[in-house]
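Subject: Structure handover

Hi,

Here is the structure I promised to pass on. My notes follow below it.

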Amino acid sequence: MPELPEVEITRLGILKRVGGRRCTGAVVRETRFRKAAPANLSELLKGQCLRSIERRGKYLIWSFDRGYIVSHLGMSGVMRVVDPKATEPVKHDHIDILFGDLAVRYHDPRRFGFLIWLPESQDPHDLPEIAKLGEEPFSDGFTADRLHSALANTSLPIKEALLTGKYVVGVGNIYCSESLFEACISPLTPANKLSTKRLERLVAAIRQVLTLSLQEGGSTLKDFVSAEGEQGYFTLNAKVYGKAGKPCSCCGRPIKKIVQNKRATYFCSHCQRRE
Ligand SMILES: [Zn+2]
């Protein structure tokens, strides 16, 4: 599943190749997604300049002259910039947005993602799914103090609380296990039992883990143009995720795997403390 770093790299890749260009049309081969894509996307977009793209959580908000595209990659989506004349669409290549000799191609086998158009009279930040998002992990608003007050009313284990996305966006299942390991916090700790001091370490750990993944993704950015099909999600150099039974990189004891709210959690019960 694409996580925040893939979405951010997608944003940067699209901007680098076609930012500032005028749209010359679109090809919509499929409209059935989590939200229906407009069949008349070509008419809507033609002649408009792609001014900027903002990322909010895992949503991308593309600003054009007279409105916005809002897109999400869902479970299996990939967006790549291709030369549409040289690259025949393959199965699940559902939408091309054309910018002269380049196209942004949206590929999504499971179609849980979406790509919609909003006229300029509608603020994309008011969409319910965007309005309810938690803080951006790299924003000034994501601090231990604020997190401490936000978590005061939840006794959910910290791992489950983070995964709700209510407190911070972009910390998916893998990044969650990794960040808690870096912060030496047990995933089972009730969220409202964490001191501001421990949350400071968590905030720093989340930023560190996401930064590493972004750097890794940045090094694959050069492949952004030619990549095809389903490849392209980053393989984080995980320390605990997927490492059940393997020695902890810190103490050598075996990494444990448990299930929390139907999601796998990996941790070291020696290094990661509840208190
Ligand atoms: Zn350990």
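Where is arginine 110 found? Arginine 110 sits in the loop between β7 and β8. Helices (H or I, at least four residues) and strands (E, at least two) are DSSP runs, numbered from the N terminus.

Some ground rules before the rest. This is a predicted model, in which local features need pLDDT of at least 70 and side-chain atom pairs count only at pLDDT 80 or more, while totals for chains, interfaces and linings use all residues. Residues are numbered from 1 along each chain as its sequence is written, and side-chain values use heavy atoms, with hydrogens and water left out.

**Annotated site**

UniProt, in an unreviewed entry, places the feature "binding site" at His92 and Arg110. Its positions are given in the numbering used here, feature names are shortened, and annotations may be inferred rather than shown by experiment. The two are spread over 19 residues of sequence, yet they cluster in space, with a largest C-alpha distance of 8.5 Å. Histidine 92 is in the loop between β5 and β6. Histidine 92 counts as partly exposed because its relative accessibility is 28%. The classes are buried (under 20% relative accessible area), exposed (over 50%) and partly exposed (in between), with a 1.4 Å probe and protein chains only.

Contacts next (heavy atoms within 4.5 Å). Leaving aside neighbours within four places in sequence, histidine 92 is in contact with Tyr106, His107, Asp108 and Pro109.

**Overall build**

The chain has seven helices and ten strands. Its radius of gyration is 20 Å, close to the 19 Å that the globule rule gives for 275 residues, so the chain is as compact as a globular protein of that length. That radius is taken over C-alpha atoms, and the rule is 2.2 Å times the number of residues to the power 0.38. Along the principal axes, the C-alpha atoms fill a box of roughly 60 × 40 × 30 Å. Buried residues make up 51% of the 275. Of the contacts with a separation of 6 or more, 67% join residues 24 or more positions apart.

**Cores**

A nonpolar core is a set of buried Ala, Val, Leu, Ile, Met, Phe, Trp, Tyr and Cys residues joined through side-chain atoms within 4.5 Å. The largest has 36 residues, and Trp62, Phe64, Ile97 and Val104 have the most contacts inside it. Elements that each supply at least two of its residues include α1 (4-18), β3 (59-64) and β7 (102-107). Valine 104 is in contact with residues including Ile14, Trp62, Met79 and Ile97. A second, separate core of 24 residues includes Phe142, Leu147, Val168 and Val171.

In helix α4 (residues 144-151), Ala144, Leu147 and Leu151 are buried. They lie on the same side of α4 because they cover an arc of only 60 degrees around the axis. The arc is that of the directions from the helix axis to the C-beta atoms.

Asparagine 173 lies in helix α6 (residues 173-182). Asparagine 173 counts as buried because its relative accessibility is 5%. Not counting residues up to four places away in sequence, asparagine 173 touches Glu3, Lys159, Leu163, Tyr241, Arg263 and Ala264.

Best wishes
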